[in-house]
Amino acid sequence: MNEIDLRRVDLNLLVAFEALMAERSVTAAARRLGRTQSAVSHALARLRTQLGDPLLVKSRGGMAASPFAELLAAEIGPILARVRRALRPPEVFDPATAARDFRLAIPDVNDALFPILAERILREAPQAALEWVARGDTALLAVAEGQIDLALSPLAPAMPEGLDYAPVRPFRWGCFMRKDHPAARKWGKAAWLAWPHVAVRVSANVPNPVDAAAPAAAKERRIAVRVPHFSAVAPLLARTDLIATLPLLVMTDALDRFGLRAVEPPVRIEPMKHCLVWSRRLGNDPAIRWLRGRVASAFEAIAAQADRILRP
């Protein structure tokens with residue numbers, strides 16, 4: 001049996017054939033397809049030549065199909081239906097009715113971020129479920145593989161393959177201590193170096209950002225306490241003479257609650273560039289696009305509040 005060279009078969013010919021089989025009339029098929037009669041007749045002639053069969057011929061009742069045409073129509077119909085489904089634009093995501101599970105990998109840089117995010121998402125998507133995943137060393141790989149929907153991550157010079165990202169407001173820095181801390185009386189680099197510090201160890205593989213941003217000065221400061229979570233810092237500052245140099249974002253809700261003050265760092269520390277990261281493969285998923293918008297909006301609101309901490 002001779003095989004058909006698929007490189008010579010135009011998909012549009014099969015679409016025209018499907019319309020002809022349904023209408024059994026060149027005129028009606030042309031109207032159905034929004035094409036001219038001559039274009040449909042030409043398509044039928046090309047398909048007859050390529051398949052070596054008359055397919056449809058004029059008869060008293062319109063056009064009669066050959067046995068091969070009947071067999072071909074039975075095979076082609078479901079195939080074209082699947083092609084149409086595959087090429088159909090993504091359905092509109094309706095958060096009000098969507099029962100979707102979302103997984104987010106975000107650091108605990110702000111006590112209010114996840115609660116605000118959960119409140120906004122669950123208000124708009126009451127049937128959704130939200131999981132806060134620890135921001136570990138393999139989080140970005142999990143995002144690329146679609147295991148995590150969205151991550152908030154430092155912007156790296158080279159991101160892993162399979163990811164897309166959008167920058168968010170960079171993390172500005174501040175120094176924090178209790179309101180009656182002696183260092184506040186004559187604040188400057190000397191005071192920053194004289195008093196003990198608390199530092200957050202985010203990961204064994206991630207260097208302290210202060211050390212990376214101001215290596216000369218950071219080597220001189222004394223780290224008296226290390227903690228694994230940002231949420232542990234404010235209670236420590238309230239009860240000790242410790243000083244913390246952290247992104248302002250960390251302390252937006254802690255200053256009044258724990259009786260703390262914020263001052264400008266006495267050394268230059270470049271803002272930390274961060275981004276929202278998602279799988280390139282899922283970039284056009286309407287639900288993921290909706291989620292990105294909600295996370296970006298919630299983060300921007302908190303980051304803008306944080307930037308106002310040190311304004312006069």
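Predicted model: local features only at pLDDT ≥ 70, side-chain atom pairs only at ≥ 80, totals over all residues.
## How α1 meets α4

Helix α1 passes helix α4 in a left-handed crossing. Two packed helices are described by the angle between their axes and the distance between the axes. Here, α1 covers residues 11-23 and α4 covers residues 67-87, and the two pack at an angle of about 120 degrees with axes 10 Å apart.

Who does the touching? On the α1 side, the contact is made by L11, L14, V15, F17, E18 and M21. On the α4 side, A69, E70, L72, A73, I76, G77, L80 and R84 take part. Sorted by class, that contact of α1 with α4 comes to 10 nonpolar residues, one polar and three charged.

Next stop is strand β10, which spans residues 244-247 and is where T245 sits. Buried or exposed: which is T245? T245 counts as buried because its relative accessibility is 4%, and the cut-off for buried is under 20%.

The T245 side chain still has a polar partner: a polar contact of 2.9 Å joins it to the side chain of W192. Leaving out residues up to four places away in sequence, T245 touches W173, G174, C175, W192, H197, V210, R221 and I269. One of those neighbours, C175, is itself buried, because its relative accessibility is 0%.

## S153 and the cysteines

Strand β5 runs over residues 150-154 and holds S153. With a relative accessible area of 2%, S153 is buried too. What does S153 touch, once residues up to four places away in sequence are set aside? The answer is R135, L140, K273, H274, C275 and V277.

C275 turns up in that set, and at 0% relative accessibility C275 counts as buried. So C175 is buried at 0%, and C275 is buried at 0%. As for disulfides, a search of the whole structure finds zero.

## V267, in a loop

V267 lies in the loop between β11 (260-263) and β12 (274-279).

How far apart are V267 and G188 in sequence and in space? Along the sequence they are 79 residues apart, while C-alpha to C-alpha they are 8.7 Å apart.

Notes
Residues numbered from 1 in each chain as written. Heavy atoms only, no water. Disulfide = S-S within 2.5 Å. Buried < 20%, exposed > 50% of the residue type's maximum accessible area, 1.4 Å probe, protein only. Axes fitted to C-alpha atoms, helices over the stretch in contact; angles between N-to-C directions. Helix = DSSP H or I, 4+ residues; strand = E, 2+ residues; numbered from the N terminus. Left-handed = near helix turned anticlockwise from the far one by under 90°. Contact = heavy atoms within 4.5 Å. Nonpolar A, V, L, I, M, F, W, Y, C, P; charged D, E, K, R; others polar. Polar contact = N/O pair within 3.5 Å; in protein donor to acceptor, adjacent residues only side chain to side chain.
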